[in-house]
Amino acid sequence: MCGIVGFTGHRPAAGILLEGLAKLEYRGYDSAGLAVYGGDGSVHVVKATGKLKNLIEKTDNGRSLPGSCGIGHTRWATHGEPNEKNAHPHVSGGFREDSSDYSDTAVIGVHNGIIENYEELREKLQRHGYVFYSDTDTEVAIKTVDYYYKKYKIGPIDAINRMMVRVRGSYALALMFQDYPGEIYAARKDSPMIIGVSDDESFLASDATAMLGYTREVYYIGNLQAARLLPGEVHFFDLNGDEISIPKAEVTWDEKGAEKNGYEHFMMKEMHEQPEAVRATLDSVLREERMSPAAKWSFGAGTLDFSGVGLPDEYLESIDAMTIVACGSAWHVGMAAQYVIEELAEIPVRVELASEYRYRKILSPANAVVLVISQSGETADSLEALRISKQMGIRTIGLVNVEGSSIAREADKILYTKAGPEIAVATTKAYTAQLALVYAFAVRLAFVKKKIDEDTYRKYVQELKSLPDHLTSLLDGKGRIQWLAAKYAGTKDAFFIGRGQDYAIGLEGSLKLKEISYMHSEAYAAGELKHGTISLIEDGTPVIGILTQERLLEKTISNLKECKTRGAYVIGITNAENPLVEECLDFVLRIPATDDHFAGLLAVVPLQLLGYYSSVSRGLDVDKPRNLAKSVTVE
Ligand code: AGP
């Protein structure tokens, strides 16, 4: 989704803004723009469609825009097609074709989010003489600020507050007022925005990656709050216009996490970071019992302890039912978690798509908790699902990767994955880190609820600790998958089938393939294929069976045979030493042996690699697939 940046200091702003926008490219966009105060009091606006490099070329890498204060934007089109007029920044006045300039730049702004009542507001502004040059809701928001600013002759914060009272929807807005050179104003509701400060410079961005090269000291501006940024100085205001104080926080993420470090794509780098992401995530809930702190990773030692993250055993014991709510891959984690939690802890678990959950009648069982899973912590539907649950008095736990994100701040309890910044649109390391954490959660829950004995508990903890090394060995064997992907690069359809947790892993494998290779694929519960979809199987159609659940293996193999009889090329991903596997399958990918409950975390890696190499074979943009955004901040 859109990315916004802002900078005010004492050196040229445009280069810093372009650098920040480049860091936000991963979010997905189709046009970009900058506005910078010139030293002479004028404001220059430049926009370009397509890739950021077009804006970089158009501005001579920022050199054609002198000035030390500015805002920038990458736009992911919602209202109006991706062209220059719709690109941000937007301004108070009209666009003059004759001079390729704007008639009035009193207020200039960039926006991430959606203004829901923009049509009604536009009509009102038109009645007051405003002329619109774009199809965007953003132009309406900027002109609404301009209207109050000029009509009541009030200051920027008061004008912004009036706008906030008037508009419905979500926004992270960065604004400049021509009468206040060197200053940036910001307003936020339900869209991500972070404000950073160093000795004599101030920054604003959709996320911290855009400013990590300059500062780690940040403020998380709250909902319906406004800010005024001066070089090295930030002031916050509530909706009444009263100055408020917001605590400063420090971003602990490593800046290197947002760089490719020699890999061709972020996705490949992030797949290789999985052993460390899973290790660090498990480490946050693993405690030594007997020996030195480092000993918790040695064989036989260590116990799971969620009290350090606010979930002591008494809390776990009180959970009698769970609803897991999420979107996309995070929902797939929930699907996999459902099988493991139900099987180990013996409590009912329901898994819901956040976009559905928020509009249905919620019937929560007694002593339930809602677990909201989200890498970004900003997904609009997941955030709303969390808020609705809280309003209903249901206990909430957020499972989030991004520190200080909205879900992290609003959930009653928070579990963090320690995957570091994830840049590729297709999630990999955040997914496996989420899975590792829900596995650990399930094991501790089962033990606390006395559904597993001490020996079984210890065995499971041991199995969890072995996952990072297994991941490393899996990634070492990626060559065969590259071959497979090249062989099937031209294929029309692919199918993923499995039962139980294997079905959930198939859902993720299918999404990985389609989102970055644009190849049609579907995932099915293995027993369901013959109820219609099997009619799509033709000679050579790849059907990938996930076979990690021993007790379901023969059943899924029968379903694979049904496909093979109809011409399918059957591929299996398995940890099983079963003669049936070699007998039936055309191609076998073996994963390291581990307890079946946790094998899904390993089985997904070959599927991630398959998606990756299929995309590469087709010459596509692996990290930034078409039409997609990393963080989906609109519903
Ligand atoms: C998967 O590769 C996608 N990036 C997408 O499905 C993603 O998992 C979904 O949009 C949810 O995002 P979140 O984890 O940030 O909430």
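## The shell around the ligand

By class, five nonpolar, seven polar and two charged residues make up the shell around the ligand. Here Ala, Val, Leu, Ile, Met, Phe, Trp, Tyr, Cys and Pro count as nonpolar, Asp, Glu, Lys and Arg as charged, and the others, Gly among them, as polar.

This is a predicted model: local features need pLDDT of at least 70, side-chain atom pairs count only at pLDDT 80 or more, and totals for chains, interfaces and linings use all residues. Residues are numbered from 1 along each chain as its sequence is written, and side-chain values use heavy atoms, with hydrogens and water left out.

Which of the 14 residues around the ligand come nearest? They are Ser374, Gln375, Ser376, Thr379 and Glu515. A residue is near a molecule if one of its heavy atoms lies within 4 Å of it.

## Polar contacts and cover

A polar contact is a pair of N or O atoms within 3.5 Å. Ser374 places a polar side-chain atom 2.6 Å from an oxygen atom of the ligand. For Lys512, a polar side-chain atom lies 3.1 Å from an oxygen atom of the ligand. Thr427 uses its backbone instead: an N or O atom there lies 2.9 Å from an oxygen atom of the ligand.

On its own, the ligand has 410 Å² of accessible area, and the protein covers 90% of it. Such areas come from the Shrake-Rupley method with a 1.4 Å probe.

## Domains and helices

The protein has three parts: domain 1 (3-191), domain 2 (266-471) and domain 3 (479-617). These bounds come from an automatic or database domain assignment. The C-alpha centres of domain 1 and domain 3 lie 47 Å apart.

Which domains each give the shell at least three residues? Domain 2 and domain 3 do. Two helices, α9 (328-345) and α16 (501-517), each supply at least two shell residues. Helices (H or I, at least four residues) and strands (E, at least two) are DSSP runs, numbered from the N terminus.

## Backbone details

The peptide bond from His88 to Pro89 is cis, with omega near 0°. Pro89 lies in the loop between β4 (69-75) and β5 (90-91).

Asp60 is in the loop between α2 (52-58) and β4. Phi of Asp60 is near 50°, a positive value in a residue other than glycine.

Terms used. Polar contact = N/O pair within 3.5 Å; in protein donor to acceptor, adjacent residues only side chain to side chain.
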